[in-house]
Amino acid sequence: RNHTLIRSLFYELGFVGDTQKYPDSLFYAGENTHTNLTELDRKAIEVMYGSGLTHGMTVDDVKRAIYFR
């Protein structure tokens with residue numbers, strides 16, 4: 001039940017569960033019962049809701065903002 005509640009909350013926040021690469025992620029598209037956020041999950045939330053990204057940024061600006069090397 002906790003997993004379903006958490007997934008539903010994040011779905012409403014715009015995270016639809018798109019990854020097939022990371023089965024330990026809360027956002028894994030396949031069936032799972034995870035309730036703890038991985039470091040990757042936390043970074044996805046930061047990118048989506050953090051203040052580091054703004055309209056009009058270049059690809060290089062975005063890469064720097066999310067520490068993509």
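Helices (H or I, at least four residues) and strands (E, at least two) are DSSP runs, numbered from the N terminus. This is a predicted model, in which local features need pLDDT of at least 70, side-chain atom pairs count only at pLDDT 80 or more, and totals for chains, interfaces and linings use all residues. Residues are numbered from 1 along each chain as its sequence is written, and side-chain values use heavy atoms, without hydrogens and water.

Q: In what order do the elements of the protein chain run from the N terminus on?
A: The protein chain has three helices and zero strands. From the N terminus on, the order is therefore α-α-α.

Q: Where does Ser-25 lie?
A: Helix α1 covers 2–12 and α2 covers 39–49. Ser-25 lies in the loop between α1 and α2.

Q: Is Ser-25 buried or exposed?
A: Buried means under 20% relative accessible area, exposed over 50%, and partly exposed in between (1.4 Å probe, protein chains only). Because its relative accessible area is 2%, Ser-25 is buried.

Q: Which side chain does the side chain of Ser-25 join in a polar contact of 2.4 Å?
A: A polar contact is a pair of N or O atoms within 3.5 Å; within protein, one must be able to donate a hydrogen and the other to accept it, and residues adjacent in sequence count only if both atoms are side-chain atoms. The side chain of Ser-25 reaches the backbone nitrogen of Phe-27 at 3.0 Å. At 2.4 Å, the side-chain partner of Ser-25 is Asp-41.
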